Amino acid sequence: MQGYIEQNKDKFLSELLDLLRIPSVSADTKFKDDVRRAAEFVADKIKEAGADFVEICETAGHPIVFGQKILDKALPTVLVYGHYDVQPADPYELWDSPPFEPVVKDGKIYARGSCDDKGQFYMHIKAFETMMATNSLPCNIKFMIEGEEEIGSDNLGIFVKANKERLNADVILISDTAIIANDIPSIDVGLRGLSYLEVEVTGSNRDLHSGVYGGAVANPINVLSKMIASLHDENNHITIPTFYDDVVDLTAEERAAMALTPFNLEAYKADLGIDEVMGETGYTTLERASIRPTLDVNGIWGGYIGEGAKTVLPSKAYAKISMRLVPNQQSDKITALFTRYFESIAPAGVQVKVRPHHGGEPYVTPTDSIEYRAAEKAMEEAFGKKPVPTRGGGSIPIVALFEKELGRKTILMGFGLDTDAIHSPNEHYGLFNFYKGIETIPLFFKYYALACQ
């Protein structure tokens, strides 16, 4: 099997670069045709790899690619999930090379989607090809690769509920997370949930001259800024009443175990170009970024932002806000809490609207299951070191839905690095990580099939 991978490294990379050239930005309608083109590319490659059935499934939004290879219905089945859509690449001027013209340098692939998630889900297609070519696929495999993960996976949820029989599997395998380092493998055993929304503050019925009206009427940008600032106290604790009521705190023993995870604070700060970290008092940096809920402004705008000066009081101001959630918080409940509270703190003279966008639930997977142990053995064999179980700070909203609707656990066997700049300019993915994933995934199939015998 390793020989096949070595012989086809250039081909595997060339195909991935072709996929990365497709600007499959799901959030922007001007890329709609490109998103479709990416789906067609993925479908073709799954079929070429050896699937006996592949379909591009239409939804109310972007399509879902489904494929499968059923060797024997008596064998266990692994369902591979991934997403071919990517985040917007803006601001383009901050990229060192065009985001959809992939460049390989210093052992890394630079392009939007290289790590999140094209490079990672494509490993599974190439691992499948490798197992088929070497006659070593030990169990059935299904693929479900969607095009709306970056905008909430709303239509995938509908698809899953309507296709439970088609998606029937024994375990779900996802590579859309990170390892600690290339010499410290890890497996995420938890994800944070998400509540994402947009707020609008309106003052006067039109933009006003700041000299004529300044100081006499509410300025929506000033008001919005104060409202947002009030959402955290001096200890960076979120001030929304009852926000923390459902949070499950880790025990002292669990926190002590988590503290054993290798982490260099000075290297962390150096990588980010910051002098100091910031966050909720009483928690470490690792804890703040994984087991604690958050509230962050992802964008804020209003008024005049063009070249030169325009002295106006804007009629409106806007912000996009995300809240990362932890077990047992529920996204709908948190969205409702935020909405009521944000509306309640608006001063007289302005009107406030809160528009929910999308959300997802937190997720924790056990480390004593045959699925986790198979992943653990696979990574230990591939990396020569036992992986560390970690909690991820990001969100994959569909994971909790998989368990609810399909009744199956998910293994989060990612190969990216936290330094890969996902969602940022100059996103990249290591060649080592890409090839190591292709090497490790067949080992998971091997150990999982053995455990199921």
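The model is predicted. Its four-stranded open sheet runs in the order β12-β14-β10-β15 with antiparallel pairing, and the structure holds 15 aromatic pairs.

**Sheet and helix**

- In the open sheet ordered β12-β14-β10-β15, the edge positions are taken by β12 (296–302) and β15 (351–360), each of which has a single partner strand, so one side of each is left without a neighbour in the sheet.
- Direction ignored, neighbouring strands of this sheet are turned by 15° against each other on average.
- Strand β10 (residues 193–202) pairs with strand β14 (residues 316–325) in the antiparallel sense over 10 bridges, and V199 has A319 of β14 as its bridge partner.
- Helix α7 (residues 220–229) lies across β10, β12, β14 and β15, and runs at about 15° to β14.

**Aromatic cluster**

- Among the 15 aromatic pairs of the structure is that of F121 and Y122, whose ring centres are 6.5 Å apart and whose planes stand at 80°, so the pair is edge-to-face.
- Both residues of this pair are buried: F121 has a relative accessible area of 1%, and Y122 has a relative accessible area of 0%.
- Together with F41, the residues F121 and Y122 form one aromatic cluster.

**Charges over rings**

- The ring of F41, a member of the cluster with F121 and Y122, has the charged end of K45 sitting over it, 5.4 Å from the ring centre.
- In another such contact, the charged end of R166 sits over the ring of F66, at 4.9 Å from its centre.

Conventions: Residues numbered from 1 in each chain as written. Predicted model: local features only at pLDDT ≥ 70, side-chain atom pairs only at ≥ 80, totals over all residues. Heavy atoms only, no water. Pairing = 2+ DSSP bridges. Helix = DSSP H or I, 4+ residues; strand = E, 2+ residues; numbered from the N terminus. Axes fitted to C-alpha atoms, helices over the stretch in contact; angles between N-to-C directions. Contact = heavy atoms within 4.5 Å. Phe/Tyr/Trp six-rings, centres within 6.5 Å; stacked < 30°, edge-to-face > 60°. Buried < 20%, exposed > 50% of the residue type's maximum accessible area, 1.4 Å probe, protein only. Lys NZ or Arg CZ within 6 Å of the ring centre and 35° of its normal.
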